[in-house]
Amino acid sequence: MANSVAKSTEGAGALLTPSVPPRKSVTGTRLWVAVLFLLPALVLLGSLVVYPIGYSVWRSLYDADGSGFVGLGNYVDLFTDDATLTAVRNTAVWVAVAPALVTALGLIFAVLTERVRWGTAFKLIVFMPMAISMLAAGIIFRLVYEADPDRGVANAVVTSVHDTFSDAAVYPKARPNAQVSDLKASGGGSFTTSGTVQAGTPVLLPLVGIAPNKLPGDPQDAKAAPTGGDRVTGTVWLDFRLGGGGEKGAIDAREKALKGVKVEAVEDGKVVASATSAADGTFSLPAEADGAQLRLPGSNFAAPYNGIDWLGPALVTPAIIGSYVWMWAGFAMVLIAAGLAGVDRNLLEAARVDGANEWQVFRRVTVPLLAPVLSVVLVTLMINVMKVFDLVYIIAPQPSQDEANVLALQLFLSSFGGGGNNGLGSAIGVILLLLVLPVMWVNIRRLRKERQR
Amino acid sequence: MTALDTPARGPSRPAGSSAQDTSVRPRRSLASRVASGAAGGVLRVFLVLVAVFWLVPTFGLLVSSFRDPKDIAESGWWTALTAPAQLTAASYESLLENDAVTGSLLNTVWITVPATLLVILIGAMAGYAFAWMDFKGRDWWFMAVVALLVVPVQVALIPLSSLFGTLGIFGDIIGVVLFHVGFGLPFAIFLLRNFFAEIPRELLEAARLDGAGEARLFLTVVMPLAAPALASLGIFQFLWVWNDMLVALVFSDSGSQPLTVALQQQVRQFGANIDVLAPGAFISMVIPLVVFFAFQRQFVSGVMAGAVK
């Protein structure tokens with residue numbers, strides 16, 4: 001069972017080494033021929049991979065320009081300096097969150113796509129981001145996360161959902177027409193009538209400053225409020241119509257109502273009553289409002305909801321992790337689907353016959369059977385995530401770069417991005433190498449085991 | 001659809017419960033069929049939503065790349081869906097007339113092609129030696145190569161920039177190519193050695209009896225047989241180098257930089273440079289996407305095998 005899982009994910013990286021016994025030469029090779037075949041590779045590996053490891057370890061013990069020996073000072077700096085500590089912390093967050101998230105999504109997709117006929121098309125779509133560069137993915141998501149809801153699709157969705165569920169109609173640029181209106185600015189963005197109002201005499205609250213065709217929704221024509229009665233009534237409307245004309249301060253035909261405007265009756269600085277204008281712009285306050293001043297509070301004119309500051313300091317790392325999940329979920333999905341194809345269907349059927357529901361089959365049978373593949377995926381992703389660089393470098397805008405910092409980025413910034421500190425940079429490189437040593441060890445052990453068989 | 005629904009399974013149950021079974025089954029069957037039908041509907045809707053979610057980011061950049069910078073500044077790309085008159089290829093035209101961009105695209109090719117071919121050739125030679133030649137310490141050497149599989153490229157950035165500086169190839173295309181060859185080799189050797197080792201011994205012996213030496217054996221028997229593995233490796237290495245930004249960022253200069261680095265320099269003024277970035281990103285994506293759709297199988301196996309890098 002476990003064998004078939006391993007087989008189907010063969011070549012899933014060094015972690016699953018296909019077992020091949022050592023072969024004897026068929027030609028009886030002379031040594032110099034073997035050397036000839038191996039020399040280019042060994043020279044290149046020695047000078048381009050092995051030598052740099054040694055150099056980095058040695059260099060990490062010296063200061064910024066390499067002139068003074070500082071021992072482990074660079075490593076101490078790395079874990080004490082605020083800037084680098086953020087990088088250490090963020091890399092830890094990445095390693096803890098991103099691989100688990102990607103693997104979980106990959107597992108869900110792999111299991112679910114088995115049940116639809118167009119599963120292959122789905123896999124193709126989700127796997128596609130693996131083909132493109134991290135730079136391109138970074139540019140793609142930089143656009144997605146643009147703060148302006150008129151540019152970034154993430155905030156466009158967030159604001160339209162928000163506006164659907166909060167019905168407070170606001171008119172951010174509206175203001176009273178100073179020449180004809182009794183309304184005067186009264187601090188905090190609100191406007192208050194200078195005179196007092198009487199019950200039975202409708203109050204006119206004309207506003208200007210918005211184009212009639214920019215009003216949200218489908219506004220009705222404004223109507224005059226009924227006269228008489230013991231309530232304080234009035235109308236809030238847009239005292240301007242397309243094409244001009246009409247009398248200032250009076251409700252003319254085709255002038256639009258402003259609905260949803262909050263109107264407060266204020267007496268001695270205290271709100272005694274409040275109402276909201278209806279679709280035809282009229283409002284009606286109870287008798288207590290008689291003799292009070294009317295105020296249009298600033299909330300009517302507040303700036304509109306602009307969505308989430310995705311790339312601000314607080315959310316920048318989760319946002320970039322989101323783009324990473326987008327890129328790599330397909331990888332986890334395809335590997336896990338290959339493992340799933342090797343799972344013995346009879347075991348699942350047996351569980352179903354025994355009365356297990358789909359969730360129980362998934363939780364108690366499928367997942368345990370897939371455990372070897374899941375751990376391969378998880379470890380592979382962890383190694384990958386430790387070195388994440390391009391996405392952070394591209395997506396995080398300059399002001400948020402410090403908050404989004406990760407080890408690989410800090411290495412680049414320390415040594416090449418103007419930091420001029422090759423000692424610290426080398427120390428980070430050595431740390432990254434140390435982090436993958438356990439995997440290196442597992443690879444070698446697996447290989448040796450196969451040799452001994 | 002599940003086995004529980006099929007009446008054929010009935011007789012296998014204990015005889016004692018069969019009376020109860022027949023009275024319950026029709027109702028249960030109907031209920032479970034309705035339930036699984038509804039679940040199937042929910043599942044389909046969910047997967048469609050996920051697929052849309054996965055496509056929208058790329059689609060958004062694609063649409064943006066065909067819009068005027070002025071339109072991009074004023075309204076979201078989705079408005080172009082209802083007003084297709086906005087779409088224009090002007091950004092692509094001006095980009096492809098820009099010598100800096102076409103030059104960097106050429107650099108990408110000059111870096112990627114040699115880095116891929118060299119890794120395949122040198123890796124195959126070493127892989128063949130590890131698979132079919134006898135020499136002392138062969139297994140130890142191979143183990144050392146396997147150990148290098150997971151070495152992060154970051155560890156070599158600083159040492160090699162000083163080494164390349166000494167050699168006078170810092171900022172040169174040769175340096176970038178060398179770096180990619182060095183870090184491509186462990187995986188290439190590992191993959192090809194395992195593939196070569198599975199070639200039937202009889203095939204090699206037959207060729208040997210015909211009088212073929214090591215070199216001929218390697219070139220005329222082993223390499224053609226290994227075509228599938230070479231293709232997977234080639235595609236993986238090609239895309240790895242084509243998509244690389246970090247190595248080129250460190251080791252190339254303004255004359256040798258590939259497209260990724262040229263684009264990266266525009267990111268700082270993201271909003272103002274979107275008319276360069278959007279089409280530029282797509283130009284850089286064309287080749288990988290073509291490779292992806294044309295060679296899906298090799299691509300998947302290559303990426304799967306090499307992801308550990």
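Is Lys223(A) buried, partly exposed or exposed? At 48% relative accessibility, Lys223(A) is partly exposed, a class that lies between buried (under 20% relative accessible area) and exposed (over 50%), with a 1.4 Å probe and protein chains only.

## Basis of the model

This is a predicted model, in which local features need pLDDT of at least 70, side-chain atom pairs count only at pLDDT 80 or more, and totals for chains, interfaces and linings use all residues. Residues are numbered from 1 along each chain as its sequence is written, chains are lettered from A and ligands numbered from 1 in the order in which they are written, and side-chain values use heavy atoms, with hydrogens and water left out.

## Domains of chain A

Chain A is assigned domain 1 (2–17 + 32–146 + 311–452) and domain 2 (175–301); such bounds come from an automatic or database domain assignment. Between the C-alpha centres of domain 1 of chain A and domain 2 of chain A there are 60 Å.

## Salt bridges

Over all chains, 11 salt bridges are counted, each being a side-chain nitrogen of Lys or Arg within 4 Å of a carboxyl oxygen of Asp or Glu. One of them joins Arg115(A) and Glu358(A), at 2.7 Å from N to O. Arg115(A) lies in the loop between α4 (82–113) and α5 (119–127) of chain A and Glu358(A) in helix α10 (residues 358–386) of chain A, so this pair ties together parts that are 243 residues apart in sequence. Helices (H or I, at least four residues) and strands (E, at least two) are DSSP runs, numbered from the N terminus. Arg115(A) is partly exposed at 44% relative accessible area, and Glu358(A) is partly exposed at 32%.

Lys223(A) takes part in a salt bridge with Asp280(A), the closest N and O atoms being 3.5 Å apart. Asp280(A) sits in the loop between β7 (270–276) and β8 (282–285) of chain A and Lys223(A) in the loop between β4 and β5 of chain A, so that the pair links distant parts of the chain, 57 residues apart. Asp280(A) is buried, with a relative accessible area of 13%.

A further salt bridge connects Glu264(A) with Lys262(A), at 3.6 Å from N to O. Here Glu264(A) is buried, at 8% relative accessible area, whereas Lys262(A) is partly exposed at 34%. Salt bridges with shared partners also join Arg115(A), Glu349(A), Arg352(A) and Glu358(A) into one network.

## Surface patches

Asp230(A), Glu267(A), Asp268(A) and Asp290(A) form a negative surface patch. Patches consist of residues with over 30% relative accessible area and no salt bridge, like charges being joined within 9 Å and nonpolar side chains (Val, Leu, Ile, Met, Phe, Trp, Tyr) within 5 Å. Asp230(A) belongs to the loop between β4 (203–208) and β5 (232–238) of chain A and is exposed, at 53% relative accessible area.

In chain B, Phe59(B), Leu62(B), Phe66(B), Leu81(B) and Leu87(B) make a nonpolar surface patch of about 410 Å²; accessible areas come from the Shrake-Rupley method with a 1.4 Å probe. Phe59(B) is located in helix α1 (residues 18–65) of chain B and is partly exposed, at 38% relative accessible area.

## Positive phi angles

Asp268(A), in the loop between β6 and β7 of chain A, has a positive phi near 55° although it is a residue other than glycine. Asp268(A) is exposed at 78% relative accessibility.

Arg254(A), which is not a glycine, has a positive phi of about 70°. Arg254(A) lies in the loop between β5 and β6 (262–267) of chain A and is exposed, with a relative accessible area of 51%.

Conventions. Lys and Arg count as positive and Asp and Glu as negative; His and the chain ends are not counted. The place of a charge is taken as NZ of Lys, CZ of Arg, CG of Asp or CD of Glu.
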